Amino acid sequence: MISTGLRRSALGACRGRAGGPISRLRNLAPSTAVTQHEWRGVSCRHPLESRRWISVYGYTQAKALIYSRYGEPKDVLQLHKHSISAPHGTQVNLRLLAAPLNPADVNQIQGVYPSRPPFETSLGTQTPCAVAGNEGAFEVISTGSNVTNIKKGDWVVMKQTGQGTWRTHAQMDESQLIKIEDKEGLTPLQVSTVSVNPVTAYRMIKDFCDWDWMRTGEEWLIQNGANSGVGRAAIQLAREWGIKTLNVVRERKTPEETENLKQELRDLGATAVVTEAELLSGEFKNLVHELTRKGREPIRLALNCVGGKSATALAKTLAPGSHLVTYGAMSKQPVALPSGLLIFKNLAFNGFWVSKWGDKNPQLKENTINDVLQLTRAGKFKDIPVEELKWRWNSEGAELLAGVQETLSGFRSGKGLLRYEAED
Ligand SMILES: NC(=O)c1ccc[n+]([C@@H]2O[C@H](COP(=O)([O-])OP(=O)(O)OC[C@H]3O[C@@H](n4cnc5c(N)ncnc54)[C@H](OP(=O)(O)O)[C@@H]3O)[C@@H](O)[C@H]2O)c1
């Protein structure tokens, strides 16, 4: 942290023009964000601009990845610098620990996702904008006098999606946050990725199938996209709940790499892992027959995040009266269903969207998060593999944007994760 004297003299050097930043700050309402661009507007280049600081008036410098129109992240995202006032009332000031780059985040920026945060000028931008990102873990750095349940040093996650998590600092109302009750033994990665993918897997397994608990270990679920964050969560939760899993992954470049991936998922608790080519082959029916002890162990739930032929093939394995739940469309192909599966097997086809579900069930969402974190602490829920993108105060916008753009491209060794390395 920079000393007050230094800060004052640095700011004082700018005072001659247009009143200088301090006089501007004094005139602002307490919660108003002050942008770096305004300061540039008075041709005042702060000598300590490259460092973060908290002013004598309690303003915290912050940076956010924002967008004011839809398109590819590399074309529309901007790194925006602004200031956040000291928190008042029930406000809480936060510093980012880590935020994942989920496929839905990119779809949202592209404008092809059904929920879109409103474009606003609350960060002091001339053009209304939204902060990207839906999931993340933050540390509380200060609280308003009416905050009751959260204190400095606590870790929190967002209560809802669309609150904007790709930012170094944020100011939110206490009511928008879920406090992590016991952060001991947890890492920023684990907390930052708990509220979307694991919750999605958890709810889909629990809420769409009446599992026969008397037959623990004798019932199956099948899923594609098994190497995804949701897929890996489903494997581990199913293992804990005595449900066998048949998992479909995409082939890797070499048979060795494919076998390594299969082994990785088996190590997590997958009962069986097949490739998409194996799923679509004529042999697959026989393999299912064998795995399920000639059908005596029914496949009662299918989780689909791919669509197209893959989804159809999953549906064909299901026992009568089972559910196929679609929660993603990574192949961008529609789900095609043979009529016979509806008529003769009475299969049910559902969709699940964790954002909507969480809005309707806030307490259940919190409970679900706590359950998963409990398993994590106990070593029963492993971290997803990630490609960390370090965000330092001086990180260039271009560097961050390139990392975000990569999120939906090709085969990756892990999910993109923004990891903020605070200097204060
Ligand atoms: N509905 C909901 O509430 C909800 C919640 C969370 C996630 N989702 C959706 O679930 C899906 C997975 O999300 P995530 O965050 O878990 O993913 P992730 O960890 O970022 O991984 C993406 C996964 O998608 C797979 N993939 C990419 N392109 C594919 C294609 N053309 N065909 C088949 N698989 C493909 C990748 O396979 P490889 O491993 O082979 O690279 C990878 O496993 C996304 O569609 C996401 O939008 C939905």
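I started at strand β7, where Trp155 is the bridge partner of Glu139. I am working from a predicted model.

**Entry 1: Glu139 and its strand**

I placed Glu139 in strand β6, residues 137–143. I then looked up how β6 pairs. With β7 (residues 155–158) the sense is antiparallel, over 3 bridges. With β4, β6 is also antiparallel, and 6 bridges join the two.

Next I listed what Glu139 touches, leaving out residues up to four places away in sequence. The contacts are Leu94, Arg95, Leu97, Gly153 and Trp155. I also checked Val157. It sits 18 residues from Glu139 in sequence and 9.0 Å away in space, C-alpha to C-alpha.

Being buried takes 20 or more.

**Entry 2: Ser83 for comparison**

I looked up Ser83 in strand β3, residues 78–84. Ser83 has 26 C-beta neighbours inside 10 Å and therefore counts as buried. Ser83 and Leu123 are 40 residues apart in sequence, yet 8.1 Å apart in space, C-alpha to C-alpha.

**Entry 3: Helix α5**

I went through α5, residues 103–110, for burial. Asp105, Val106, Gln108 and Ile109 are buried there. Why do they fall on the same side of α5? They cover an arc of only 155° around the axis, which puts them on that one side. I then asked what covers them. The cover includes β2 (60–67), α4 (73–76) and β4 (91–101). After α5 comes Gly111, and I noted its positive phi, near 85°.

**Entry 4: The parallel sheet**

I traced an open sheet of 6 strands. The order is β12-β11-β10-β13-β14-β15, and the pairing is parallel. At the edges I found β12 (272–275) and β15 (348–351), each pairing on one side only. On average, neighbouring strands in this sheet are turned by 20° against each other, direction ignored.

I took one pair in detail. Strands β10 (residues 220–223) and β11 (residues 244–249) pair in the parallel sense over 4 bridges. Gln223 stands opposite Asn247 in β11.

I also looked at what lies on this sheet. Helix α12 (residues 308–316) lies across β10, β11, β13 (299–304) and β14 (323–326). Against β13, α12 runs at about 170°.

**Entry 5: The largest nonpolar core**

I looked up the largest nonpolar core, which has 88 residues. Which of them touch the most other members? I found Ile205, Leu221, Ala234, Ala302 and Leu418. Strand β4 gives the most to this core, with 7 residues.

I finished with Leu221. Not counting residues up to four places away in sequence, Leu221 touches Ile205, Ala238, Ile243, Thr245, Ile299, Arg300, Leu301, Ala302 and Leu303. Two of the names on that list, Ile205 and Ala302, I had already noted in the core.

Definitions and conventions: Residues numbered from 1 in each chain as written. Predicted model: local features only at pLDDT ≥ 70, side-chain atom pairs only at ≥ 80, totals over all residues. Buried ≥ 20, exposed ≤ 12 C-beta atoms within 10 Å, placed from the backbone. Arc of directions from axis to C-beta. Contact = placed C-beta atoms within 7 Å. Pairing = 2+ DSSP bridges. Axes fitted to C-alpha atoms, helices over the stretch in contact; angles between N-to-C directions. Core = buried A, V, L, I, M, F, W, Y, C linked by C-beta atoms within 7 Å.
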